[in-house]
Amino acid sequence: MRIVGIDPSLRNTGVAIIDNGALVELTSIPTKKLTGEMRVQFILEHIEKFVQGADIIGIEGVSYNSVSSRLNEVYGLWGILNHYLWQNFRSPVIVTPATRAKYATGKGNASKDTVMAAVIRRYMDERITGNDEADALVVAAILSRLAGSPIEDSLPATHLAALDKMEPLDAVSLGASLTSSGAITASLITSASAPPSPQVAAAPAAASVAVAERPVAALARERCLGCARFH
């Protein structure tokens with residue numbers, strides 16, 4: 001199973017790829033001096049290369065506590081990227097900043113630098129060059145564990161508690177797996193409190209129809225939060 005974790009950033013979007021329980025790529029997309037629509041287009045073109053063939057795509061959610069003069073651009077990029085992935089590949093799984101921080105450090109309010117330091121200590125064999133790569137790696141690691149192929153031998157209970165608020169992986173986020181292996185097995189649904197949705201139990205063809213019939217216009221409005229032109 002191929003899992004891609006993404007940490008969107010105007011300057012340096014992080015990308016981590018886990019394939020069959022092993023980290024195979026950890027990198028970032030520096031935008032250098034690009035601005036406006038050219039920067040967004042540059043990020044999308046590079047993201048497309050990384051998500052080809054992915055079974056699950058995860059993206060870190062926006063931080064509503066951020067203080068920046070460029071929040072409109074930050075939120076706009078997130079909304080456009082989220083919608084782009086849904087429209088061209090599959091609906092991404094959203095991992096909130098608090099979930100990412102708690103999985104990495106055991107504390108949901110840990111700073112990005114604290115998260116990066118924890119990630120460097122835990123994944124000692126990997127070359128982690130910045131916060132964006134560290135965050136993308138944690139996003140991918142969370143989804144890999146939810147899918148039944150954790151890249152860590154073990155984690156403290158305080159870190160695993162980050163998964164308590166994650167929704168189970170469903171037929172939309174696991175679209176590629178449905179076509180190759182039939183209905184999603186119960187082992188992939190890790191949330192004991194939430195029963196499998198009808199989509200999860202459906203046959204591959206039924207799931208494909210369900211995805212195809214989703215209201216495109218409504219989803220576009222819902223997912224493209226903060227979409228705006230960048231000038």
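**Close-up views of a predicted model**

**View 1. The β2–β3 hairpin.** Strands β2 and β3 make a hairpin, and two residues lie between them. Asn20 sits in the turn, with a positive phi of about 55 degrees. The model is predicted. The two strands run antiparallel and are joined by eight bridges. Across from Asn12 stands Pro30 of β3.

**View 2. The five-stranded sheet.** The sheet is open and holds five strands. Their order is β3-β2-β1-β4-β5, with mixed pairing. The edges belong to β3 (22–30) and β5 (93–95). Each of these has a single partner strand, so one side of each lacks a neighbour in the sheet. From one strand to the next, the twist averages 20 degrees. Strands of a sheet pair through backbone hydrogen bonds, in either the parallel or the antiparallel sense.

View 3. Strand β1 (residues 2–7) runs parallel to strand β4 (residues 56–60), and four bridges pair them.

View 4. Ile3 belongs to strand β1. Is Ile3 buried or exposed? Its relative accessibility is 2%, so Ile3 counts as buried; the cut-off for that class is under 20%. Leaving aside residues up to four places away in sequence, Ile3 touches Ala16, Ile17, Ile18, Ile56, Ala140, Leu143, Ser144 and Ala147. Gly21 lies 18 residues from Ile3 along the chain. The C-alpha atoms of these two residues are separated by 8.9 Å.

**View 5. Helix α4 against helix α5.** Helix α4 (residues 112–122) packs on helix α5 (residues 131–146) at an angle of about 65 degrees. The axes are 9 Å apart. Angles of 65 to 115 degrees count as roughly perpendicular, and α4 and α5 are therefore placed in that class. Their crossing is left-handed. From α4, the contact takes in Lys112, Asp113, Val115, Met116 and Val119. From α5 come Asn131, Ala134, Asp135, Leu137 and Val138. By type, the residues of this contact are six nonpolar, one polar and three charged.

**View 6. Helix α3 against helix α5.** The axes of helix α3 (residues 97–105) and α5 come within 10 Å. They cross at roughly 85 degrees. The two helices are therefore roughly perpendicular to each other. Thr99, Arg100, Tyr103 and Ala104 of α3 meet Asp135, Val138, Ala141, Ile142 and Arg145 of α5. This contact divides into five nonpolar, one polar and three charged residues. Asp135 and Val138 of α5 are among the residues that meet α3, and Asp135 and Val138 are also among those that meet α4.

**View 7. The whole chain, for orientation.** The protein chain has ten helices and five strands. Of its 231 residues, 48% are buried. Consider contacts between residues at least 6 apart in sequence: 64% of them join residues at least 24 apart.

Conventions. Residues numbered from 1 in each chain as written. Predicted model: local features only at pLDDT ≥ 70, side-chain atom pairs only at ≥ 80, totals over all residues. Heavy atoms only, no water. Axes fitted to C-alpha atoms, helices over the stretch in contact; angles between N-to-C directions. Parallel < 35°, antiparallel > 145°, perpendicular 65-115°, else oblique. Left-handed = near helix turned anticlockwise from the far one by under 90°. Contact = heavy atoms within 4.5 Å. Nonpolar A, V, L, I, M, F, W, Y, C, P; charged D, E, K, R; others polar. Pairing = 2+ DSSP bridges. Buried < 20%, exposed > 50% of the residue type's maximum accessible area, 1.4 Å probe, protein only.
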